[in-house]
Amino acid sequence: MTTQGLQQSLKVLLINPPGKIYIFPDGSPAHRKHCTPPLGLAYLAACAREAGHSVKVIDMLAEGYRKETIEGSFLIYGFDFSDIQDAIRNFDPDVIGISSLFSPAYPEVVKLVKRIREHFPAVRIVLGGQHPTGAPEEVMNDSDVDFVLLGEADITFPQLLEHIAGVRKIGAVRALYYREGQTIRNTMEHIVPVVKGDGWNYFSRKDSAVPLDLDSLPLPAWDIFDMTCYWQADVRYGGGDVARDRFVVMATTRGCPHACTFCTSPLQSGYKAYRKRSIPKIMEEIAWLKDTYGIEEIHFVDDNFNVGKAHARELMRELKEKVSNTLFTATGGTEVNAVDAEIVDLMADAGFYKVQLAIEAGTEDIQSEHVDKKVKLGRIPEVIAMFRRRNIEVRGLFMIGFPRETRSQIQKTLDLALSLDLDDFYISLVTPLPGTPLFDECVEQGLFTDNFDTTMLRYSFASIKLPDTSPEELETIRRTVWRARFLEKNKSETSQNARTFSNVAEYENAGIRTKLS
C-alpha cells in the first residue's frame with residue numbers, strides 16, 4: 001500500500017538507555033566507561049523523519065554521561081527516568097522506540113519501560129536491538145512492551161509507524177512481534193528460516209526484512225543528536241580511546257558472509273547477508289560529515305570491514321585521493337584471511353592508524369567448530385608485520401572459554417596472544433548471547449555455570465562450564481594475562497593518540513568519577 005500523502009504524522013521519540021558496568025569485589029570495573037554515537041538510532045531517526053514523522057532522540061547515556069549511581073554490584077551512568085520525564089511530557093510522543101543492544105543492560109531497559117508506562121499509559125512502546133531480536137518472546141512477555149522489531153529496522157520501523165497511524169495492516173509489517181489479544185504473534189511465522197533456533201531464527205537475505213539496497217537509506221540524522229556529548233566524553237569508543245576529538249561512526253557495509261556460533265550478526269542482519277554501500281554514497285557521507293560537523297576521525301563499525309576485498313581497495317583509493325586530515329579505523333575487527341600487502345598499503349595511504357585483528361582462538365579445532373572465518377593462524381605474524389611496516393597500530397581480539405575447551409587449548413590462545421607483536425590485545429570470555437547457536441548449545445547440553453543469568457552477561461564473566469578450568473580460574477586468567485602485558489606496551493605506545501596511563505587502574509577507571517573501592 002502506498003501511503004505517502006495519506007499518513008498521519010506521528011511524534012516519535014527514540015531513546016538510548018543508560019550505560020552499565022559490573023564492579024568486581026575489589027572495586028575494579030569489568031570494562032571501561034564509554035560514550036559511542038548510536039548509529040542504529042541515527043538511521044531509524046532519519047528513516048522515520050523521511051516518512052514524514054516528527055522525531056526526537058534522547059541519548060540517556062551520552063547526555064547524562066557524568067551522572068553515576070551505584071546499584072548493587074553495578075555502576076549505572078547516564079540519565080534516569082526522572083531526568084527525562086519532563087522532556088517526554090513536553091514532546092508528547094505517540095510512539096517511543098528504545099534501543100536494547102546488549103543483554104546485560106536489558107534490566108535497565110525494563111525499568112525504563114515500566115516508568116514510561118506508569119506515567120504515559122497511552123504511548124506505544126517498541127523495542128529493538130540485539131537482545132529483543134534474540135529473545136523476542138521473553139521481551140514480549142512484559143505486558144508494558146507493545147512491539148518488538150527484529151534486526152535492522154530501517155524499513156520495518158516506518159512500516160510499524162504506518163500501522164500505528166492506521167494506514168497499514170499489522171500483518172504487512174515485516175519482522176514484527178505483537179499481541180493479538182493475549183497471544184504473542186509475529187509476522188515472520190510463515191517464512192521458513194535458514195537456521196531455526198530456540199525462539200529465534202536466521203533468515204536469508206531475500207526473506208529477511210533488512211534493507212537490501214543500502215544506498216536507498218537516508219544519511220544518519222546526527223543533526224538531532226548533541227554530538228558534543230560524544231566528543232567531550234573521556235572514553236569515546238568501546239574499550240579504546242580516539243585520536244581526535246571530533247569523531248563519528250559510520251558503516252560502509254552491513255552483515256557478514258560468515259556465521260560464527262557466538263556472533264549476533266546473522267541474527268541482526270540476516271544469515272550471511274553481507275551488503276555493500278556504493279563507494280560514491282560512502283564518499284558523499286564522509287564529505288557531509290566533514291563539511292557539517294568538522295569530523296576528523298571516522299570509525300567504520302562494519303561487522304567485517306575488509307572481507308569484500310575489491311570494495312575495500314576501491315574505498316581506500318578514494319579516501320587517499322579525496323579525503324585529507326582525517327584518521328580512520330575499523331572497530332568491528334579486521335579479518336586476518338582477507339589481509340594482504342596491497343590492502344595494508346592502501347589503508348596506510350588512506351589514513352588508517354589502527355586495526356583490530358579478529359583472531360578469536362589460538363587452536364585450529366576451536367576455529368573449526370566455532371569460528372566460521374577459520375582464521376589462518378600461521379599467517380598472523382606476517383599480517384601484523386605488514387601493518388607494523390606502515391606504522392599502523394595493531395590490536396588483537398581473542399576469546400577463551402568455548403564449550404569443551406580444555407586448559408591446554410586455552411593456554412595455546414594465551415601463548416599466541418603473548419607471542420605476537422601486538423600493541424595490545426583484548427581477551428574476552430566466551431559469552432553465549434540469546435539468539436545464537438552457542439546459547440542454544442549451552443541450553444541443550446547443560447553447559448551454563450550455576451549462577452548463569454542473561455541479565456548478568458559480560459565478557460569478563462565465565463558463563464560456560466569447562467572440563468578442567470573453573471569459572472573463577474578462567475576469570476582470573478583473563479585479567480592476569482592482560483594486566484601483566486598492559487604496562488609494558490603502554491610505555492611504548494605507538495598510536496597517534498598520545499594518551500598514556502601510568503597504571504592499569506587509571507586506564508580501567510578513565511571517565512569514572514565515583515569511588516568504587
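Which residues does Glu-360 touch, not counting residues up to four places away in sequence? In this predicted model, local features require pLDDT of at least 70 and side-chain atom pairs count only at pLDDT 80 or more, while totals for chains, interfaces and linings use all residues. Residues are numbered from 1 along each chain as its sequence is written, and side-chain values use heavy atoms, with hydrogens and water left out.

With contact defined as heavy atoms within 4.5 Å, Glu-360 touches Phe-262, Gln-367, Val-371, Lys-373, Leu-397, Phe-398, Met-399 and Thr-413, not counting residues up to four places away in sequence. Glu-360 belongs to strand β18 (residues 352–360); strands (E, at least two residues) and helices (H or I, at least four) are DSSP runs numbered from the N terminus. The relative accessible area of Glu-360 is 8%, and the residue is buried. Buried denotes under 20% relative accessible area, exposed over 50%, and partly exposed the range in between, for a 1.4 Å probe and protein chains only.

Val-323 is located in the loop between α11 (309–322) and β17 (327–334). Val-323 also counts as buried, at 13% relative accessibility. Its contacts, not counting residues up to four places away in sequence, are Met-283, Ile-286, Lys-290, Glu-318 and Phe-328. The C-alpha atoms of Val-323 and Met-283 lie 8.7 Å apart, at a separation of 40 residues in sequence.

Aromatic pairs were assigned to rings of Phe, Tyr and Trp (its six-membered ring) with centres within 6.5 Å; planes under 30 degrees apart count as stacked, over 60 as edge-to-face and the rest as tilted. The structure holds 19 such pairs. Phe-300 and Phe-328 form a stacked pair, with 5.6 Å centre to centre and 5° between the planes. Because Phe-300 lies in strand β16 (residues 297–300) and Phe-328 in strand β17, this pair ties together parts that are 28 residues apart in sequence. Both Phe-300 and Phe-328 are buried. A further stacked pair consists of Phe-448 and Phe-452, at 3.7 Å centre to centre and 10° between the planes. Phe-448 and Phe-452 are both buried. Ring pairs also join Phe-300, Phe-305, Phe-328 and Phe-352 into a cluster.

Pockets were located on a 1 Å grid over the protein atoms alone, a pocket being an open set of points with protein on both sides within 12 Å along at least five of seven lines, and lining residues having an atom within 4 Å of a point. The largest pocket has a volume of about 340 Å³, where volume is the space filled by probe spheres set on the points. Its lining comprises 27 residues, of which Leu-150, Met-188, Trp-200, Asn-201 and Phe-203 are the closest to the centre. At least two lining residues come from each of α6 (136–140), β12 (201–202) and α9 (265–269), and α9 supplies the largest share, three residues. The lining divides into 14 nonpolar, nine polar and four charged residues. In this classification Ala, Val, Leu, Ile, Met, Phe, Trp, Tyr, Cys and Pro are nonpolar, Asp, Glu, Lys and Arg are charged, and the others, Gly among them, are polar.

Zero disulfides, defined as pairs of cysteine sulfur atoms within 2.5 Å, are found in a search of the whole structure. Cys-35 is in no disulfide, the nearest cysteine sulfur being that of Cys-229 at 6.6 Å. Cys-35 is buried at 0% relative accessibility. The sulfur of Cys-442 is 16 Å from the closest cysteine sulfur, in Cys-260, which is too far for a bond. Cys-442 counts as buried at 1% relative accessibility.

Technical notes. On a 1 Å grid over the protein atoms alone, a cavity is a set of points where a 1.4 Å probe fits but cannot get out, and a pocket is an open set with protein on both sides within 12 Å along at least five of seven lines; lining residues have an atom within 4 Å of a point.
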